[in-house]
Amino acid sequence: MLLKVVKALVAAVGLSLALMGPLVGMAIVVFALASPQQAPLLESALMGVSFATLGLGLGGPLAWQGIRALQGYPSAPFRPPRAWLLGLFFILAIILGQGFLSLKLAPWLTLPPFHVMAIAIPPACILAYVGRRLALAGVRWRDVILQGASGAFLSTTAAFILEGALGLSLALAVVVIVALTPSGRAEIEALIAHLRDPLWMANTENVYDLLLRPGVALPVALMVVAVVPLIEELLKPLGVVLLSYRRPTRAQVWLGGLACGAGFALAEGLLNTATSADAWGLVVLVRTGASLMHCLGSGLMALGWQRLLVERRPWKLIGAFAASVTVHALWNLTAVSIVGVGLTATNPDADGLLIALGGLGIVGLLSFLVVLTVGMACGLVWLTHRLERGLRDGLRTPSAGTASSLQPGG
């Protein structure tokens with residue numbers, strides 16, 4: 001009876017998301033068109049399409065699988081298309097999207113479909129590659145959709161709430177510390193007055209000065225580099241933990257963790273890049289590495305949780321947490337450094353030498369991101385091949401325990 005209630009709840013949540021996503025997206029676009037203050041139409045269109053995509057793209061399949069499960073229909077084995085084929089569509093989306101944007105061919109109308117493709121295909125490629133390599137694990141489409149939706153909606157919502165609460169606490173702590181300094185209260189009052197002035201905020205020099213202040217830059221860096229990785233890596237594989245009662249195999253856990261990370265990367269990528277249309281091509285390319293980072297970290301954490309819950313080995317979970325947080329922190333630190341160097345080099349007071357050094361710094365940081373991305377890809381491939389080899393060895397030397405481990409987890 002409880003299982004039927006859960007299936008009905010999944011179907012209801014999926015239907016709600018499938019309806020709400022397009023409605024929210026339409027509301028954003030309509031508000032931008034009707035706004036007397038001329039809200040940026042391109043960014044609003046990207047945001048609206050992103051909400052609609054999340055609602056229909058994940059909520060719709062979630063509702064369908066919930067209804068089919070209620071009716072007692074089994075799910076088909078997870079047999080995704082080949083990763084290289086998806087990669088071709090990704091390249092095409094980058095070329096066409098940037099082309100429409102550069103030529104200014106009604107980008108608010110032409111760019112959003114390619115924006116969705118450019119953000120969604122990289123995590124889909126990861127799932128396609130691993131899913132085909134681990135076909136013997138017995139993972140079903142229903143499992144992948146459920147885990148992807150949990151990463152996109154459950155994990156992101158929990159992370160947003162925790163990060164917001166801790167970010168607010170950190171901001172209040174900074175305000176209190178500044179207020180205790182001799183001229184701190186006057187500075188805070190002046191800053192509040194500036195933030196309320198649209199003309200002051202419209203001046204890029206004022207924004208540069210604000211972001212580069214130690215009282216602002218240091219808390220933001222601490223939040224992005226330390227707090228966010230700790231929270232997100234802990235929460236991303238929530239779906240795998242909730243379904244651990246099925247006693248899934250290690251290969252199933254790995255693919256389920258990757259699906260959670262893919263859903264998380266999809267939601268974060270669609271919503272976070274919607275306001276970066278000016279550097280769209282570069283941003284979506286960098287998001288490719290971020291998607292890999294989220295998938296790898298979630299997969300590692302899923303394996304760590306499996307070792308704790310099934311094998312009672314807490315040190316494996318601690319090791320997985322340390323590895324995933326380290327990679328995430330390195331990625332965020334590099335991204336924040338790129339922004340900081342860019343702001344410093346483009347400051348109106350910057351001289352030619354500072355601009356040149358800033359350009360070299362950005363090239364070096366981007367190169368490090370490429371190296372980090374290659375390292376993450378190698379780690380993902382190595383772990384996948386190791387699990388695949390274990391599945392094939394199990395087939396060559398069947399036993400009662402091995403045969404049962406190849407069955408779908410529930």
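Tutor: Let's start with a term: a residue is buried when its relative accessible area is under 20%, exposed when that is over 50%, and partly exposed in between, using a 1.4 Å probe and protein chains only. Asp-143 sits at 19% relative accessibility, so Asp-143 counts as buried. Keep in mind that this is a predicted model, where local features need pLDDT of at least 70 and side-chain atom pairs count only at pLDDT 80 or more, while totals for chains, interfaces and linings use all residues. Residues are numbered from 1 along each chain as its sequence is written, and side-chain values use heavy atoms, with hydrogens and water left out.

Student: Okay! What does Asp-143 form a salt bridge with?

Tutor: General idea to begin with: a salt bridge is a side-chain nitrogen of Lys or Arg within 4 Å of a carboxyl oxygen of Asp or Glu. Here, Asp-143 pairs with Arg-246, and their closest N and O atoms are 3.0 Å apart. Asp-143 is in helix α5 and Arg-246 in the loop between α10 and α11 (250-272), so to speak a link between distant parts of the chain, 103 residues apart. By the way, helices (H or I, at least four residues) and strands (E, at least two) are DSSP runs, numbered from the N terminus. Arg-246 is partly exposed, at 25% relative accessibility.

Student: How many salt bridges does a search of the whole structure find?

Tutor: Eight. Arg-133 belongs to helix α4 (residues 107-133) and Glu-388 to helix α14 (residues 352-396), distant parts of the chain that are 255 residues apart. Glu-388 is buried at 8%, whereas Arg-133 is partly exposed at 31%.

Student: Which residues do salt bridges with shared partners join into one network?

Tutor: Look at Glu-311 and Arg-250, a salt bridge whose closest N and O atoms are 2.8 Å apart. Glu-311 lies in the loop between α12 (280-309) and α13 (314-345), and Arg-250 in helix α11, so the pair ties together parts 61 residues apart in sequence. The network joins Arg-250, Arg-307, Glu-311 and Arg-313.

Student: How many residues does α14 have, and what span is expected?

Tutor: For a helix, the expected span is 1.5 Å times one less than its number of residues. α14 has 45 residues and reaches 66 Å from its first C-alpha to its last, close to the 66 Å expected. Its buried residues include Leu-369, Leu-380, Thr-384 and Glu-388.

Student: Which residues touch the most other members of the largest nonpolar core?

Tutor: In soluble globular proteins, nonpolar side chains tend to be buried together. A nonpolar core is a set of buried Ala, Val, Leu, Ile, Met, Phe, Trp, Tyr and Cys residues joined through side-chain atoms within 4.5 Å. The largest one here has 33 residues, and Leu-127, Leu-134, Trp-254 and Leu-380 touch the most other members. The elements giving two or more residues to this core are α4, α11, α12, α13 and α14, and α11 gives the most, with eight.
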